[in-house]
Every structure is written in C-alpha cells, then in structure tokens.
Amino acid sequence: MEFKHIKPVELAFTKSLKKMKFSGRALIRRAIASYHYGIFADPFSFFCSNFHSVGHKDRSFSPKPRIDLSCINQLDDAFFLFRQMVRMQPQPSVFEFTKLLQVIFKMKQYSGALKLFDEMRQWAAPIDEYTMNILINCCCLLKRIDVGFAIFGIFLKHGYEADVTTFNTLLKGLFLDGNVAEAEKLFKKILTLKLCEPDDVTILTAIDGLCKAGRVHTARDLLLLLEKTIYKPDVKAYSAVIDCLCKCRMVDNALELKSRMIDKGISPTVVTYSSMIQGLCNFGRWKEVKDLLNEMVDHKIYLTVVTFNILVDAFCKEGNVKEAEDVLKIMKQQNISPVIVTYNALIDGYCLQGKMDKAKEVFDSITGNGLKACIISYGTLINGYCKKGKVDEARRLFLEASSKGLEHTTFTYSIMIHGLFSKGRNADGWKLYKDMEARHVPPDLYTCNILLEGLCKTQQIADAFLFLRAMEDKGLNPNIVTYGILINGLCKDGKLVEAKNILNELPSKGLKPNIKIYTVILGSLCREGCVDEAKDLIVNMERSGCAPDSVMYNSIIQGLLKKKEVYKAIPFLEDMHKRGFYADASTSSLLINHMQGSNKDDILLEMMKKVVPKI
C-alpha cells in the first residue's frame with residue numbers, strides 16, 4: 001500500500017496529529033528536552049540526506065569486520081559496533097542496521113535506540129519501514145505516543161510504507177498512554193478506511209487494551225461485533241475478555257462467553273480455563289471448579305503451574321491447607337515443579353490459620369527445593385509472626401532478609417512497624433520508620449495510619465495532627481481510616497468538640513463516616529451525658545445511609561451502665577430490641593450486676609428478657 005497516494009489516510013492522521021496540539025517538529029523538539037540529547041536536532045533535514053552513501057570525504061575505512069551482535073552486552077557496545085559498521089566499505093545493508101537497533105530495543109534501552117537513530121541520521125545509515133516500527137515502539141514504551149505519531153507522520157510524508165505492525169504499535173501506544181478514546185478511534189479508522197489488513201494482533205491489542213482500561217463491557221461488545229465481520233476474534237481475544245470479566249466478578253458472563261466461543265468452533269486453552277477457575281475460586285464455587293477441571297481432562301488440556309498455583313492459593317485462602325498440600329503432591333506427580341509463588345501461597349495459608357511452625361517448615365523447604373525465598377516469602381512469614389504477637393521472631397526474619405541482600409518493600413516495613421507498635425515498642429517502630437525513609441522506601445497510607453494510631457494511643461494528639469500535615473505534604477490523601485483514628489484519639493483524650501468538628505467536615509472531603517466512627521462519637525456523647533444529642537446523631541446517621549449495628553448499641557448502653565445511668569439506657573435497649581439486636585456478654589454482665597445490686601426493677605427485668613440471651 002503506497003500511503004503517499006492515499007489522501008484519506010494522510011487526512012486522517014493529519015487530523016489525529018493536530019488534535020495533539022503539536023506539529024511533528026514541535027513534538028520531536030519537546031522530546032529532545034526530555035531525553036537530554038540531540039535526537040532529531042533537525043528532524044526534516046535527515047530525509048534529504050543520502051542514506052546509502054557515506055557523506056564524509058575524510059572518513060577512514062578499514063576492511064569489513066565480521067558483524068557480531070553477540071558481543072553486545074551493554075549500550076556502549078552497540079554504539080561501538082555501529083561506528084565500525086558505518087566505516088565499512090561497502091556499507092552493510094539496512095537489514096544489519098535494523099538488527100542492531102532491534103538488539104538495543106530488546107535490552108529495553110528505548111531512549112538508547114532513539115539516540116542510535118540520531119547517529120544513523122548523522123552518518124547517513126540506511127533506514128526502512130522496520131526502522132520506523134522499532135522507533136515508534138520505543139516511543140510507545142517510553143509513553144511518548146505523541147512523538148511516535150510525529151515520527152510516523154514524517155516517515156509517511158517521505159514515501160515510506162506503513163504496515164499492520166505500525167498500526168498495531170500505535171494502537172498499543174495509545175492504550176499504554178491511557179488515551180483509550182483515541183485508541184478506539186484509531187481502531188475504527190483501521191477498519192473503515194482500510195489503512196491496513198488487521199490481523200489477530202490488531203484485534204487482541206484493541207480488546208486487551210479496553211479490558212486493561214476497565215472497559216470490559218465495551219471490549220465484550222467489540223468482540224461480539226467483530227464476530228459478524230470478516231475479522232473473526234481468535235481464542236486469545238476471547239480469553240482476554242473472559243479474564244477481564246472474571247476479574248470484574250462477572251463470572252457467569254465469562255462462563256456464557258466460553259460456551260459461545262465453543263459454539264463458534266473456538267477451543268478454550270489452559271489460559272482461558274485458568275481465568276475462569278480463578279474467578280470461580282474467588283466465589284468459593286468449588287463444584288463448578290471441579291466441573292471445569294474435568295472438562296479440561298476430557299479435552300486433554302493439561303494444567304500448568306499457573307493453574308495449580310491458582311488452586312493452591314484458593315484452598316489456602318479458604319483455610320483448606322490440607323487440600324492445598326494435596327494439590328502440591330499432584331503437581332510433583334505430574335512433574336510440574338512448584339515455583340516460589342506456590343510456596344508463598346502455602347506459607348500464607350498456614351499463617352492465616354496461626355500455624356506458624358508449619359509455615360516456617362514450608363519456608364525452610366524452599367531452599368531444599370532449589371528455590372530462593374523472595375521478599376514476599378519473608379513478608380508473608382513476618383506478617384504471620386506479628387499477628388501471633390511473636391514480634392521478636394518477626395524482627396529476626398526482617399533482619400535476615402536484609403542480610404541476604406533482599407530489599408524491603410513498603411509492605412514489609414509497614415507490617416514490622418505495626419508489629420512493634422502493637423507490643424508497645426513505639427520507639428523501635430519510629431526508628432524503623434526513620435530507616436525506611438533513609439532507604440527511600442516510600443510509606444503508603446497504611447504505614448502512615450499505623451504511625452498516626454501510635455501517636456493517638458499515647459495521647460500525643462498535637463503531634464498526630466502535625467504528622468497528618470506531613471502525610472499530606474508527601475502527597476498522601478487521608479482516608480476514612482485516617483480520620484477515624486484521629487476521632488478516636490480525640491474522644492479518648494476528652495476532646496469531643498474537636499472530634500465532632502472532624503466528623504462534620506468529612507462530607508466536604510468526599511468521605512462518608514462509617515459505623516465505627518459513629519460508634520466512637522456516640523459512646524463519647526453518652527459518657528458526657530449528651531443522650532439527646534446521641535439520639536439525634538443516630539437519626540442523622542441513618543438518613544446518611546449508615547445503618548446502626550449491634551456493636552454500636554452495646555457500646556452506648558455499656559457507657560451509660562458504667563455511669564449508673566440505667567434509665568437513660570432503657571430507650572436504647574428498647575431500640576436495640578426493635579432492630580433485632582441482642583446484648584453482648586459485657587452488656588449482659590453489667591445488666592445482671594445492676595439487678596443483683598438494686599431493688600426489683602420490673603421494667604428493666606422485662607427489657608432484659610428481650611435483649612439478654614437465655615434470660
């Protein structure tokens with residue numbers, strides 16, 4: 001297809017480039033600034049050069065050396081070889097130069113590939129459409145699709161042909177850049193203007209891009225639309241939509257689509273089945289999991305390590321570690337070697353059950369099975385020990401991971417800090433946080449909430465608010481948990497007015513108070529004797545869509561009973577009964593103690609019969 005003779009193509013992409021509000025020259029110049037070297041210092045002049053002849057009279061030549069791409073281990077090696085190649089006489093073909101560019105691309109040195117192209121221009125090295133495709137791909141992976149389109153436009157204007165690979169790359173780049181709307185438009189132009197003959201990769205790029213952008217309904221609609229055209233989706237396209245449906249918890253829709261593809265003569269692969277098995281496991285639909293596994297056996301589709309890992313992880317999360325161990329045995333019987341992910345899932349399964357000896361046993365077996373424990377392995381075990389209160393064992397593992405050259409993550413730092421704070425070792429927790437900062441491991445909101453709670457629990461409220469400001473300065477937006485911690489700290493410190501102010505400000509921050517926050521405020525109101533205000537707050541919380549629960553009523557009633565204000569508690573007991581809630585053990589004990597230590601109270605006795613179990 002000669003694009004220079006097809007006006008609709010040029011018109012379509014001229015419009016596309018104009019939408020980006022930059023000319024090709026301006027885009028490339030902007031890219032130069034970001035890469036810090038002179039790529040396309042004069043982006044149009046190089047097309048006037050003769051690419052197939054040397055252009056320097058004083059250039060020295062040596063006998064043609066063997067072009068050995070295997071000698072390239074780093075970027076400098078590639079540039080050294082290139083400078084040898086351009087001095088050869090005769091000059092190597094465009095194929096050799098393209099292979100060199102491809103080697104740099106495979107090294108993921110995308111900026112380096114663009115820099116090499118700059119030198120290719122300066123030395124008048126030959127280029128072709130493959131060169132263009134590699135350059136556009138580099139721009140896409142650098143998330144500079146604007147520059148990619150500019151390069152595309154320049155090549156197009158100078159008579160170079162674009163093929164399906166070019167358009168697939170541009171399509172991928174738009175999705176990588178988050179420009180989903182423009183990607184959809186480009187895909188439609190490919191079909192309607194027949195810019196190229198779409199292949200399976202084109203269709204998969206469009207469908208998978210929509211799925212990754214969370215547009216599962218659009219992806220499915222496109223899939224169904226393509227079924228009616230000559231561009232039939234293949235199994236990979238169906239599998240991409242099925243996987244996205246499962247991840248969006250639309251498992252029934254995924255199963256329906258699987259049946260549809262089979263009806264159309266497309267056989268699911270192990271990838272398709274693995275996605276559906278994961279989706280069903282997430283819902284605990286074990287019978288259907290078994291049915292799918294039997295279906296795989298009937299169609300001679302063998303489980304991979306990925307499928308086995310899904311099953312191991314799902315059984316562990318369900319608390320069925322024995323079944324997970326059985327799956328591990330089957331893996332080994334089928335000569336499928338477990339990977340580190342498999343062992344991490346088992347460790348997590350035993351940690352969830354509090355069986356730390358078994359978890360450590362699995363952890364220790366990793367090395368014996370020819371694998372190395374990763375930071376996730378350590379993090380999972382550290383988390384298990386912290387939850388069991390065995391902070392010293394967790395701390396030992398934390399240090400061991402560092403000694404083995406593993407870099408701690410935000411997660412491992414956070415769980416270790418939480419473990420230390422939970423044992424009252426606040427100084428050690430803050431010391432570890434300082435270490436985290438020194439190693440440039442960014443704290444997340446979970447980390448900061450742990451530290452904030454530590455300050456509030458020790459009545460360092462002023463410091464807590466200073467820390468909150470520091471969190472915000474780091475770009476972390478406090479969530480409802482953050483404000484819940486502050487409200488709880490203020491209430492315990494007797495600062496009910498300040499707590500109520502924060503509660504009232506939450507809607508303006510786009511946050512909705514939860515039942516925990518209301519329970520804390522209501523408990524404080526009752527302890528302060530503001531019973532009528534507490535009743536009004538319950539009405540307001542219900543109007544805002546937050547329904548009271550049993551914990552809330554028990555908390556209010558306990559606060560009043562502890563202050564010997566039994567008659568103020570009776571309206572709440574009545575409301576509790578009407579809502580079908582019951583007194584918990586603490587509330588029941590307080591009520592019984594009151595009855596034993598006072599004169600007979602028929603009203604309270606009747607109420608106790610309604611809300612206290614077995615009275």
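In the predicted model, the axes of helix α20 (residues 375-387) and helix α21 (residues 391-403) come within 8 Å and cross at roughly 165 degrees. Angles over 145 degrees count as roughly antiparallel, and α20 and α21 are therefore roughly antiparallel to each other. Their crossing is left-handed. On the α20 side, the contact is made by Ile375, Tyr378, Leu381, Ile382, Tyr385 and Cys386; α21 contributes Val391, Glu393, Ala394, Leu397, Phe398, Glu400 and Ala401. By residue class, the contact of α20 with α21 comprises 11 nonpolar and two charged residues, with no polar ones.

Val531, Ile538 and Met541 of α29 meet Met552, Tyr553, Ile556 and Leu560 of α30 in the contact. The residues of the contact of α29 with α30 are seven nonpolar, with no polar and no charged residues.

With a disulfide taken as a pair of cysteine sulfur atoms within 2.5 Å, the count comes to zero disulfides. Cys526 is in no disulfide, and its nearest cysteine sulfur, that of Cys530, lies 8.6 Å away. Burial was assigned to residues under 20% relative accessible area. Cys526 has a relative accessible area of 0% and is therefore buried. Cys196, at 8% relative accessibility, also counts as buried.

Notes:
Residues are numbered from 1 along each chain as its sequence is written. This is a predicted model: local features need pLDDT of at least 70, side-chain atom pairs count only at pLDDT 80 or more; totals for chains, interfaces and linings use all residues. Side-chain values use heavy atoms; hydrogens and water are left out. Axes are lines fitted to C-alpha atoms, for helices over the stretch in contact, and angles run from 0 to 180 degrees between N-to-C directions. Helices (H or I, at least four residues) and strands (E, at least two) are DSSP runs, numbered from the N terminus. Angles under 35 degrees count as roughly parallel, over 145 as roughly antiparallel, 65 to 115 as roughly perpendicular and the rest as oblique. A crossing is left-handed if the near helix is turned anticlockwise from the far one by less than a right angle, and right-handed if clockwise. Contact means heavy atoms within 4.5 Å. Ala, Val, Leu, Ile, Met, Phe, Trp, Tyr, Cys and Pro count as nonpolar, Asp, Glu, Lys and Arg as charged, and the others, Gly among them, as polar. Buried means under 20% relative accessible area, exposed over 50%, partly exposed in between (1.4 Å probe, protein chains only).
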